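Biologist: Could you walk me through this model, beginning with the aromatic rings and then moving on to whatever else stands out?

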Amino acid sequence: MTPDRDEILQAVSSAVLAVTRHLSVREVLQVIVRSAQRLLDARYAALGVPDEDGSFAEFVAEGITDKQWDAIGPLPRQHGMLAAMLQEGVPARLPDVREDPRFGWWPKAHPVMKDFLGVPIRDGEQVLGIIFLANKRTPGGFTQEDQELLTLFAAHASIALINARLYERGRELAMLEERNRMARELHDAVTQKLFSLRLTAQAAAAMLQSSPEKAEVELERVQKLAGEALAELRAVIVELRPAELDSHGLAETLRKHVRMLDRLYSSQVNFEFDELPPLDPEIEVVVLRVAQEALHNALRHSGASRVDVRLAYEGGKLALTITDDGSGFEQADSRGLGLISMRDRAESVGGAMTVGSSPGAGTTVRVEVGV
């Protein structure tokens with residue numbers, strides 16, 4: 001290994017480790033892939049983290065455009081060279097991956113890859129994932145020196161990936177503790193107000209016939225208590241906002257949610273978004289929850305093959321639109337789909353929700369909120 005390359009490797013590895021504390025697992029994977037691609041001058045680079053169902057929990061790549069990804073289709077399964085590397089746990093360096101007996105197949109839209117270098121990312125005996133490069137820009141393909149360099153880089157990547165996972169788990173535990181604290185506060189504050197509200201309403205009802213004036217006073221107190229309870233609930237909602245909203249904002253949080261659903265369901269789930277201005281925390285929570293509910297309906301009940309999600313900033317308003325090509329429904333039969341609570345959520349932050357649907361024509365849910 002030449003001194004120059006050794007210096008490059010040290011710098012890249014240090015960068016990966018330095019950002020681990022501040023990035024999600026997926027973002028760390030992206031840093032690793034981009035660094036490896038640049039380090040070994042490859043046209044294509046990818047990293048896959050396997051799941052327990054024969055697919056990949058995470059799969060990131062460099063050198064492939066979004067348009068190409070859309071044409072390629074779902075995430076790869078554990079087959080061909082990817083499966084062989086996961087099972088064997090040893091590096092593979094090939095002049096032409098297509099001629100190897102372990103090679104399976106590619107989707108029709110997959111770019112043509114020839115020279116190939118892949119190494120496992122290991123934690124002891126466990127294979128955390130595989131990182132591979134294809135089509136080295138320098139003529140002659142990948143060398144033994146390249147393999148040694150990528151193997152050493154994978155060892156650093158393993159540390160970064162493990163640290164990122166530990167960080168995310170720690171954040172999840174902290175969030176759970178915070179939710180438990182908020183649940184106790186909710187019980188102590190809001191529940192007491194609701195109990196007082198009920199007693200006051202009962203007293204007002206008992207006085208309506210015998211003492212209307214006193215009943216009116218009690219009803220005014222009911223109104224005041226209801227307002228205080230509503231304010232408490234809104235404060236709790238804001239504090240219970242998902243931690244991802246604080247770390248990544250609404251657009252990135254929703255993008256990650258959509259990507260997860262696209263992997264979990266056979267339906268194709270797409271996401272587009274505009275650059276957004278700073279948003280009120282309560283609006284972010286409401287729009288995210290409405291989106292999650294609408295996506296749940298589309299994927300679980302409509303039989304849709306495609307769902308499109310768009311988050312836009314139009315004329316001073318935040319606009320969320322979710323459209324599916326599913327079975328649709330009669331508007332009169334929509335009460336069981338949670339649309340009333342979704343509309344109530346939107347209205348709680350001064351927004352409005354519209355729903356367009358008819359049998360056989362799919363469904364469009366749109367929320368607009370002034371920001």
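Modeller: There are 4 aromatic pairs, where rings of Phe, Tyr and Trp (its six-membered ring) pair if their centres lie within 6.5 Å, and planes under 30 degrees apart count as stacked, over 60 as edge-to-face and the rest as tilted. In one of them, Phe103 and Trp106 have ring centres 4.9 Å apart and planes at 80 degrees, so that pair is edge-to-face. This is a predicted model, in which local features need pLDDT of at least 70 and side-chain atom pairs count only at pLDDT 80 or more, while totals for chains, interfaces and linings use all residues. Residues are numbered from 1 along each chain as its sequence is written, and side-chain values use heavy atoms, with hydrogens and water left out.

Biologist: Are Phe103 and Trp106 buried, exposed or partly exposed?

Modeller: Phe103 is partly exposed at 21% relative accessibility, and Trp106 is partly exposed at 27%; buried means under 20% relative accessible area, exposed over 50%, and partly exposed in between, with a 1.4 Å probe and protein chains only.

Biologist: And what about Phe116 and Phe132, stacked or edge-to-face?

Modeller: Their ring centres are 5.5 Å apart and their planes lie at 25 degrees, so Phe116 and Phe132 are stacked. The pair links distant parts of the chain, with Phe116 in strand E4 (residues 116-123) and Phe132 in strand E5 (residues 126-136), 16 residues apart; helices (H or I, at least four residues) and strands (E, at least two) are DSSP runs, numbered from the N terminus. Phe116 is buried at 5% relative accessibility, and Phe132 is buried at 9%.

Biologist: Which residues make up the cluster linked by ring pairs?

Modeller: Phe59, Phe116 and Phe132 form that cluster.

Biologist: Switching to pockets, what volume does the largest one have?

Modeller: The largest pocket holds about 1400 Å³, a volume being the space filled by probe spheres set on grid points that are joined across faces, edges and corners. On a 1 Å grid over the protein atoms alone, a pocket is an open set of points where a 1.4 Å probe fits, with protein on both sides within 12 Å along at least five of seven lines, and lining residues have an atom within 4 Å of a point. It is lined by 44 residues, of which Trp69, Asp70, Arg259, Asp262 and Val269 are the closest to its centre.

Biologist: Which element gives the most to that lining, and how do the residue classes divide?

Modeller: H7 gives the most, with 8 residues, and the elements that give two or more include helix H2 (25-40) and helix H7 (243-264). By class, the lining has 18 nonpolar, 9 polar and 17 charged residues, where Ala, Val, Leu, Ile, Met, Phe, Trp, Tyr, Cys and Pro count as nonpolar, Asp, Glu, Lys and Arg as charged, and the others, Gly among them, as polar.

Biologist: What follows H2?

Modeller: Asp41 does, and its phi is positive, near 55 degrees. Within H2, the buried residues include Val25, Leu29 and Ile32.

Biologist: Last one, what does the side chain of Ser357 reach?

Modeller: The side chain of Ser357 reaches the backbone nitrogen of Phe329 at 3.0 Å and the backbone oxygen of Gly362 at 3.1 Å. Ser357 is found in strand E9 (residues 352-357), and is buried with a relative accessible area of 13%.

Definitions and conventions
A polar contact is a pair of N or O atoms within 3.5 Å; within protein, one must be able to donate a hydrogen and the other to accept it, and residues adjacent in sequence count only if both atoms are side-chain atoms.
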